[in-house]
Amino acid sequence: MQESSRKKVPNQSHRFYEQPPQEPGSCYWPPMNHGGGLYSDDVFEQNHLPSEAFKQYCNLESSSGTSGYPPQNSSSTASFTSNGSPSSHQECHSYSLDPYYSPDNNCGSPISRSCLTDDAADDLRHKIRELETAMLGPDTDGFDIYSVANPVDPVLPVQEAGWKDVAEIMSRKDLKEMLCACARAIGENDMLTGEWLVSELRGMVSVSGEPIQRLGAYLLEALIARTASSGNSICKALRCKEPIGTEMLSYMHILYEICPYFKFGYLSANGAIAEAIKGENRVHIIDFQIAQGNQWITLMQALANRPGGPPKVTITGIDDSTSAFARGGGLEIVGKRLSLLAESLMVPFEFRGIAGSASEIQREDLKVQPGEAIAVSFTLVLHHMPDESVGSQNHRDRILRLVKSLSPKVVTVVEHESNNNTAPFYSRFLQTLKYYTAIFESIDVTLPRDHKERINVEQHCLARDIVNIVACEGAERVERHELLGKWRSRFLMAGFKPHPLSPFVNATIEALLKNYSDKYTLEERDGALYLGWLNQNLVTSSAWI
């Protein structure tokens, strides 16, 4: 990360077809590559909103209120296991992150009562009594179960107004409100309040419940992880047993089919590229996150049917070891697959694979030839590139300047419409809650709750991103989304101009959405497309020249 942006990427980072499959990195939930999904290499930034914003985000419009959830038993544990079944975290490489801790479970929450000092324990008992009094009323018989063995200092400072607020929140049993309160307490280092809220939330979340309960399970997991440590320690602790590559591909395929987000990105980007390379005889597509290469199947088919015959097509595919893990092999798998497709379509074709981090690419790695029409694809990958807020090297803007120097015919960008790159922790949590509430609700419409693979899909394709956004900081937080307005500023500074998507592309997307729920929304604004769920924009697509 701290390496000079002008330095050539070491050979071990960039090998053509020769890099063997690698195990996922140990410093974060490996972002799941699949050709650009919301679970792609993808999970998100830094602390406090005013109380007005707190109230606003705790009453999200995209979901009905959730109150009075029945307690869930231990089978609702939000653990991340290879078979996706609710279970404890005893397979973790470090401490357990089990948010459903009980005295019989040695892998419970690291914020256990046994960790308290005598003074803190007295403080805890005093505040518990305050909380019980606020919720249940004064003890009429005057008996205090804590006063016999552990008398409480009557002058112990207590923030009465704050604890009454917490008591009111807990009495309402509104899951969103309690998650917000818990995040706020943890963000303010109020660990006692955070622990009390965690203990209540354990019985309200479930990986097999309503959308907000399922999302709540992963958010609670992330909050507990955050309180346990920071930076590398958190992310290493989050490394539990991963599914094998074939299983991951199956989960990604299910998510690809049940949600239109990825097809939206592929169709809109390919439409812009096809229009930009009309009449060109030599086309060079540079894909900064090729994953399985699925995006280019439909484009190759369209080029094969072009009047006058197809052009000679070169695809340079960039990807790291995470996708190799999901694919079950290196980029040679993608190259062989696309080569067979091109041969069947009689399209002259060449594939070049670069195994390495997209943020470290240098111009010479791309081997651009004179006379080639260049098209560049950034499908759900730019948000993984660190900027000036992470370290001294601003790779996010450097890569855009590098691409501009290639004089491309078009550059396509598909990104999450979320703002959590430089946001403080609490506002980042609220944004994550709002954004993923819409995602989980959209899954609920298409995939039945009793579907045997639904838990696996959500745990392995979405939960890792959520945990990364909430629990991790610094370089270990790789999910760093920005709104299209911010991306627009970056592209303009790099010398690009917006290139409006064609009406044909818009009509194609509208036809696609008719196969899904009528709750999906499509909006064109300033030449870009916004795909959303109800009132929440989720993914944007734009083109630049």
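## Lysines with positive phi

Lys173 counts as partly exposed because its relative accessibility is 31% (buried means under 20% relative accessible area, exposed over 50%, and partly exposed in between, with a 1.4 Å probe and protein chains only). Lys173 sits in the loop between α3 (160–172) and α4 (175–187). Its phi is near 60°, a positive value in a residue other than glycine. Most residues other than glycine have a negative phi.

Lys367 is not a glycine either, and has a positive phi of about 50°. This lysine belongs to the loop between α13 (363–366) and β4 (373–379). With 41% relative accessibility, Lys367 also counts as partly exposed. Thr316 is 51 residues from Lys367 along the chain, and the C-alpha atoms of these two residues are separated by 9.0 Å.

## Model and overall make-up

This is a predicted model, in which local features need pLDDT of at least 70 and side-chain atom pairs count only at pLDDT 80 or more, while totals for chains, interfaces and linings use all residues. Residues are numbered from 1 along each chain as its sequence is written, and side-chain values use heavy atoms, with hydrogens and water left out.

The protein has 18 helices and eight strands (DSSP runs numbered from the N terminus: H or I of at least four residues for helices, E of at least two for strands). Of its 545 residues, 57% are buried. The protein exposes about 21800 Å², and carbon and sulfur atoms supply 51% of that area (Shrake-Rupley method with a 1.4 Å probe; for residues, only the protein chains shown count as cover).

## Helix α6 against α16

Helix α6 (residues 211–228) packs on helix α16 (residues 454–471) at an angle of about 40°, and the axes are 9 Å apart (axes are lines fitted to C-alpha atoms, for helices over the stretch in contact, and angles run from 0 to 180 degrees between N-to-C directions). That angle makes α6 oblique to α16 (under 35 degrees is roughly parallel, over 145 roughly antiparallel, 65 to 115 roughly perpendicular, and the rest oblique).

The contact of α6 with α16 involves 12 nonpolar residues, one polar and four charged (Ala, Val, Leu, Ile, Met, Phe, Trp, Tyr, Cys and Pro count as nonpolar, Asp, Glu, Lys and Arg as charged, and the others, Gly among them, as polar).

## Helix α6 against α15

Which helix is roughly antiparallel to α6? Helix α15 (residues 425–446) packs with α6 at an angle of about 150°, their axes 8 Å apart, which makes α6 roughly antiparallel to α15. Here too the crossing is right-handed.

Among the α6 residues that meet α15 are Pro211 and Ile212, and the α15 side includes Phe425, Phe429 and Phe440. The residues of this contact divide into 12 nonpolar, two polar and five charged.

Ala423 lies in the loop between β5 (410–416) and α15. Its relative accessible area is 11%, so Ala423 is buried. Ala423 and Arg480 are 57 residues apart in sequence, and their C-alpha atoms are 9.5 Å apart in space.

Terms used
A crossing is left-handed if the near helix is turned anticlockwise from the far one by less than a right angle, and right-handed if clockwise. Contact means heavy atoms within 4.5 Å.
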